Amino acid sequence: MWVYEKKLQYPVRVNQCDPRMAKFLMEQYGGADGELAAALRYLNQRYTLPDRVIGIVNDIGTEELAHLEMIATMVYKLTKDATAEQMMEAGLGDHYADHDKALFFHNAAGHPFTAEYFQAKGDPIADLYEDVAAEEKARATYQWLINMTDDPDLQDGLQFLREREVVHSQRFREAVEILKEERDRKKFF
Amino acid sequence: MAGRTPITDEQKEMYFRMMEEIQAVDFVLVELNLYLDTHPDDQQAVQQYNEYVQRSAALKNRFQSMFGPLYGFGNSYSASPFSWKEAPWPWQV
């Protein structure tokens with residue numbers, strides 16, 4: 001069970017209608033290293049992880065849902081006042097033809113979301129290393145997105161999300177060390 | 001619990017100010033929660049966590065009395081008629 005909070009984790013402000021930037025941001029909505037893939041990856045892996053690391057994976061998975069909502073809010077705000085013509089000019093004509101201004105889980109290039117973006121290996125070390133890599137890839141994507149906009153308000157929200165990837169990566173690395181330590185300790189029984 | 005959609009500029013300013021206070025305090029709680037997941041024996045962090053639980057609850061009580069429930073499913077009280085719709089959805093503000 002999850003409890004919905006009627007608030008964003010961090011304020012999302014945008015300065016102008018910018019469907020072109022919205023198109024790029026969709027990479028973090030329905031892309032391989034995006035927030036949906038992150039949330040689903042962790043919340044799916046947690047069932048078969050050792051007790052000692054379930055908490056951190058569960059909680060980071062939950063925070064990813066909050067990030068998904070922030071990205072969705074950015075995309076929504078950047079497109080809500082756009083005309084059909086502006087959507088077409090921004091490269092979102094294909095999206096508009098199928099969805100109008102509704103959000104859809106696809107990446108910046110329009111590829112629909114797929115569960116093949118992430119794995120659950122049943123091996124805690126393999127899963128956690130994938131999680132570290134996922135955070136680092138998402139961090140890089142946020143940097144590329146920050147580089148593509150000059151809207152300081154949008155940059156602020158994206159910088160917050162980039163920093164969260166850094167923290168998550170570090171927490172997952174600690175989880176790996178906790179498991180290695182437990183494994184090595186057991187050898188001496 | 002009354003609660004109403006922020007309409008005037010003054011109400012909107014109050015909404016954003018109080019919301020940001022909640023976001024700041026709750027961010028501390030997210031950070032401490034994740035940290036404590038991997039460092040459960042840090043007593044000082046646990047104490048700080050519990051202090052911020054209290055601060056968050058106080059801020060949310062005040063916010064909800066002005067703008068309506070932040071939570072559904074029984075985690076906030078409701079005015080009559082059901083006031084869950086009163087506070088705006090986060091992507092609308």
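**Figure 1. A salt bridge inside chain A joins R41(A) and E130(A).** The closest N and O atoms of R41(A) and E130(A) are 2.8 Å apart. A salt bridge here is a side-chain nitrogen of Lys or Arg within 4 Å of a carboxyl oxygen of Asp or Glu. Side chains of opposite charge can pair when their charged atoms come close. Over all chains, the search of the whole structure finds 19 salt bridges. The model is predicted, with local features needing pLDDT of at least 70 and side-chain atom pairs counting only at pLDDT 80 or more, while totals for chains, interfaces and linings use all residues. Side-chain values use heavy atoms, without hydrogens or water; residues are numbered from 1 along each chain as its sequence is written, and chains are lettered from A and ligands numbered from 1 in the order in which they are written.

**Figure 2. Chain A is built from eight helices and zero strands.** Along the sequence the pattern reads α-α-α-α-α-α-α-α. Helices (H or I, at least four residues) and strands (E, at least two) are DSSP runs, numbered from the N terminus. The C-alpha trace of chain A spans about 70 × 30 × 30 Å along its principal axes.

**Figure 3. Chain A and chain B meet through 29 residues of chain A and 30 residues of chain B.** Contact means heavy atoms within 4.5 Å. The area buried between the two chains is about 2400 Å², and carbon and sulfur atoms give 59% of this area. Of the area that chain A buries against chain B, Y4(A), K6(A) and K7(A) supply 30%, more than any other three residues. Buried area is the accessible area (1.4 Å probe) that two parts lose on being put together, summed over both.

**Figure 4. Four salt bridges are counted between chain A and chain B.** K60(B) forms a salt bridge with E5(A), and their closest N and O atoms are 3.6 Å apart. Helix 4 (51–79) and helix 8 (152–186) of chain A each supply at least two residues of the side that touches chain B. Helix 4 gives the most to that side, with ten residues.

**Figure 5. Five residues of chain A carry a "binding site" annotation in an unreviewed UniProt entry.** The record lists E35(A), E64(A), H67(A), E135(A) and H168(A). They span 134 residues in sequence, yet no two of their C-alpha atoms are more than 12.7 Å apart, so they gather at one spot. Among these residues, E35(A), E64(A) and E135(A) are included in the lining of the largest cavity. On a 1 Å grid over the protein atoms alone, a cavity is a set of points where a 1.4 Å probe fits but cannot get out, and lining residues have an atom within 4 Å of a point. E135(A) is found in helix 7 (residues 124–147) of chain A. UniProt positions are given in the numbering used here, feature names are shortened, and annotations may be inferred rather than shown by experiment.

**Figure 6. D59(A) also has the UniProt annotation "binding site" (unreviewed entry).** D59(A) sits in helix 4 of chain A. Leaving aside its neighbours within four places in sequence, D59(A) is in contact with N33(B), L34(B) and D37(B).

**Figure 7. The peptide bond from S80(B) to P81(B) is cis.** Its omega is near 0 degrees. P81(B) lies in the segment after helix 2 (43–67) of chain B.

Notes:
1 Å grid on protein atoms, 1.4 Å probe; cavity = no way out; pocket = protein on both sides within 12 Å on 5 of 7 lines; lining within 4 Å.
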